Amino acid sequence: MIPYGRQSIDEADIASVVEVLHSEWLTQGPGIASFEEAMASYCHAKHAVAVCNATAALHIACLALGVGKGDLVWTSPNTFVASANCARYCDADVDFVDIDSETLNMSVKALIIKLEKAKQQGRLPKVVIPVHFSGLSCEMEAIFALSKQYGFRIIEDASHAVGAEYNGYPVGSCKYSDITVFSFHPVKIITTGEGGMALTNQTELADRMVRLRSHGIAQKPEHMVSQAQGAWEYQQIELGHNYRMTNLQAALGVSQLKKLPEFIAKRRAIAKRYHDLLAELPVVRPVTSNESSWHLYAVRFPAEKRKAIFDAFRKADIWVQVHYIPVHTQPYYANFGFAWGDFPEAEKYYNEAISLPLFFDLTIEEQDYIIDFIRNFLS
Ligand SMILES: *Cc1c(COP(=O)(O)O)cnc(C)c1O
């Protein structure tokens with residue numbers, strides 16, 4: 001079976017996790033700070049806050065930006081449900097901005113139109129969450145300029161984009177956002193089993209996210225509301241969560257991060273090869289990019305053939321996947337009045353999409369087998 005995505009774990013990864021098992025700290029140890037510092041440094045960001053998964057990172061990012069009841073959060077419909085759910089955890093209302101038919105990311109044109117309408121109605125979003133679909137960054141410079149014009153904050157959902165670049169800067173630098181979130185789920189670019197991280201250049205946001213990942217308890221004396229009576233004292237300042245990452249995960253993260261440049265180079269080579277080999281076939285290839293991390297290689301097939309080819313792929317033991325069912329069509333979001341037809345570009349894309357296998361250990365032979373399968377099916 002060839003999956004669409006899979007982790008790559010080597011002996012160095014295993015050794016670093018085993019080392020933690022022999023150590024004193026299974027969680028809340030110095031390994032967390034090592035992973036955070038390494039990632040912040042890689043991304044040229046000031047702060048990094050490690051948590052148990054990207055969903056938790058999105059949640060504390062929303063909380064740190066003050067998202068609450070009645071606030072409005074906008075994201076892309078072409079994403080995993082977590083990009084929208086984080087706002088619902090805060091009791092905020094969710095709305096979507098349709099995608100660009102080429103990049104498959106939030107359309108800046110659609111965003112401008114929606115913002116202008118929202119301004120007239122006095123219902124502007126508090127936070128916009130652009131999602132870097134497949135590892136290709138959204139047009140952050142334009143979205144950042146709009147955030148200044150209309151007064152919203154930005155969380156980048158960069159779950160797909162660990163190791164990607166934008167305008168020559170690493171995604172995660174937060175040059176055009178308040179907070180950037182990464183996922184380390186095994187299908188993503190690097191893994192910690194489960195895991196996530198929130199990066200920011202704003203010390204206040206970082207301190208707040210550190211507090212929120214551990215019950216809302218102040219870590220530093222200067223963050224306490226009154227002077228501590230003794231060394232035993234901790235003060236819960238607000239309602240937080242237990243979203244901590246373990247040291248086992250952090251050690252795996254540090255080890256994986258060392259291989260990130262190699263992982264990205266390989267993913268780009270695989271994507272380039274798909275691009276070249278699919279050139280003569282009647283499919284729509286994703287836009288080319290030298291800066292994408294290529295989490296996904298999503299091909300568009302004729303909509304009327306999509307189901308048949310998907311089933312045939314799976315029969316051929318090629319475990320392709322579809323990314324994504326537009327979030328607004330999920331039964332949960334239909335409860336809020338969303339329906340098919342609301343975001344036509346995301347829906348059109350969904351009806352044609354299949355993500356081909358793309359992971360570090362994918363072989364040339366496997367890739368040829370996949371291409372041959374597509375050629376035979378379509379001829
Ligand atoms: C994977 C993913 C998430 C959630 O990541 P977890 O670490 O599994 O919580 C959020 N957003 C997007 C776009 C993702 O692909």
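The report below takes the ligand first, then the pockets, then the backbone.

This is a predicted model: local features need pLDDT of at least 70, side-chain atom pairs count only at pLDDT 80 or more, and totals for chains, interfaces and linings use all residues. Residues are numbered from 1 along each chain as its sequence is written, and side-chain values use heavy atoms, with hydrogens and water left out.

**Ligand site**

The shell around the ligand holds 15 residues. A residue counts as near if one of its heavy atoms lies within 4 Å. Thr-55, Asp-157, His-160, Ser-183 and Lys-188 come nearest. By class, the shell has five nonpolar, eight polar and two charged residues. Here Ala, Val, Leu, Ile, Met, Phe, Trp, Tyr, Cys and Pro count as nonpolar, Asp, Glu, Lys and Arg as charged, and the others, Gly among them, as polar.

| Residue | Protein atom | Ligand atom | Distance |
|---|---|---|---|
| Ala-54 | backbone N or O | oxygen | 2.9 Å |
| Thr-55 | polar side-chain atom | oxygen | 2.5 Å |
| Ser-183 | side-chain N or O | oxygen | 2.8 Å |

On its own, the ligand has 380 Å² of accessible area, and the protein covers 92% of it. Accessible areas come from the Shrake-Rupley method with a 1.4 Å probe. Helix H3 (54-64) and helix H4 (82-89) are the elements that give two or more residues to the shell. Helices (H or I, at least four residues) and strands (E, at least two) are DSSP runs, numbered from the N terminus.

**Pockets**

Where does the ligand sit? The space taken by the ligand is the largest pocket. A pocket is an open set of points on a 1 Å grid over the protein atoms alone, where a 1.4 Å probe fits, with protein on both sides within 12 Å along at least five of seven lines; lining residues have an atom within 4 Å of a point. A molecule sits in a pocket if more than half of its atoms lie within 2 Å of its grid points.

The largest pocket contains about 460 Å³ of space. A volume is the space filled by probe spheres set on the points. Of its 25 lining residues, Phe-80, Val-81, Ala-82, Lys-188 and Tyr-324 are the closest to the centre. H3 supplies the largest share of the lining, three residues. By class, the lining has eleven nonpolar, eleven polar and three charged residues.

The second largest pocket contains about 300 Å³ of space. It has 18 lining residues, of which His-47, Ala-206, Asp-207, Val-210 and Lys-220 are the closest to its centre. Helix H2 (30-43), strand S2 (47-51) and helix H7 (203-212) each supply at least two residues of this lining. The largest share, five residues, comes from H7. By class, this lining has seven nonpolar, four polar and seven charged residues.

**Backbone**

Most residues other than glycine have a negative phi, and most peptide bonds are trans. A cis peptide bond joins His-323 and Tyr-324, with omega about -5°. Tyr-324 lies in the loop between strand S12 (318-319) and helix H11 (331-334). Cys-174 is not a glycine, yet has a positive phi of about 60°. The loop between strand S8 (169-170) and strand S9 (179-183) holds Cys-174.

Key
Polar contact = N/O pair within 3.5 Å; in protein donor to acceptor, adjacent residues only side chain to side chain.
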